Amino acid sequence: ARLDAGAGIPTAVNWRVADTLLARIDANGLLTAKCSLVGGADSVTAIATADTTVRGKAIFSVAKQTVCP
């Protein structure tokens, strides 16, 4: 995520994925899908640490798998 901010205002974000059964996200925003027998749509949200009312959201899909290891 890219966050434009004035000088001296932190641009760090916290990441949140809505359904942790479909995917996980690390502190750097790297999203990794998990193996899912049902698949589905989910969302990831970036929330500014300096002002938690500033956020961005994206929708993604995870494909249904026939077998999970």
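Which residues form the largest nonpolar core?

1. The structure under review is a predicted model. Its chain contains 0 helices and 5 strands, so that the order of elements from the N terminus reads β-β-β-β-β. The radius of gyration is 15 Å, well over the 11 Å that the globule rule gives for 69 residues, and the chain is therefore more spread out than a compact globule.

2. Dimensions, burial and contact range. The C-alpha trace extends over about 50 × 15 × 15 Å along its principal axes. Of the 69 residues in the chain, 22% are buried. When contacts between residues at least 6 apart in sequence are considered, 46% of them connect residues at least 24 apart.

3. The nonpolar core. The opening question is answered by a set of 6 residues: V17, L22, A23, V44, F60 and V62 make up the largest nonpolar core. For A23, the contacts beyond four places in sequence are V17, L31, T32, A33, K34 and F60. Two of these partners, V17 and F60, also belong to the core.

4. Placement of D42. This aspartate is found in strand β4, which covers residues 40–48. D42 is buried, yet it has no salt bridge. The nearest side chain of opposite charge belongs to K57, at 8.1 Å; a salt bridge would require a distance within 4 Å.

5. Surroundings of D42. A polar atom of the D42 side chain lies 3.0 Å from the backbone nitrogen of D19. Residues up to four places away in sequence being left out, D42 touches V17, A18, D19, L22, A58, I59 and F60. Among these, V17, L22 and F60 are members of the largest nonpolar core.

6. K64. This lysine lies in the segment after β5, the strand of residues 55–62. K64 has a relative accessible area of 60% and is therefore exposed, the threshold for that class being over 50%. Its contacts, neighbours within four places in sequence being set aside, are S36, L37, V38 and G39.

7. A separation across the chain. K64 and T32 are 32 residues apart along the chain, and their C-alpha atoms are separated by 15 Å. T32 is itself one of the residues in contact with A23, a member of the largest nonpolar core.

Conventions
Residues are numbered from 1 along each chain as its sequence is written. This is a predicted model: local features need pLDDT of at least 70, side-chain atom pairs count only at pLDDT 80 or more; totals for chains, interfaces and linings use all residues. Side-chain values use heavy atoms; hydrogens and water are left out. Helices (H or I, at least four residues) and strands (E, at least two) are DSSP runs, numbered from the N terminus. Buried means under 20% relative accessible area, exposed over 50%, partly exposed in between (1.4 Å probe, protein chains only). Lys and Arg count as positive and Asp and Glu as negative; His and the chain ends are not counted. A polar contact is a pair of N or O atoms within 3.5 Å; within protein, one must be able to donate a hydrogen and the other to accept it, and residues adjacent in sequence count only if both atoms are side-chain atoms. Contact means heavy atoms within 4.5 Å. A nonpolar core is a set of buried Ala, Val, Leu, Ile, Met, Phe, Trp, Tyr and Cys residues joined through side-chain atoms within 4.5 Å. The radius of gyration is taken over C-alpha atoms; the globule rule is 2.2 Å times the number of residues to the power 0.38.
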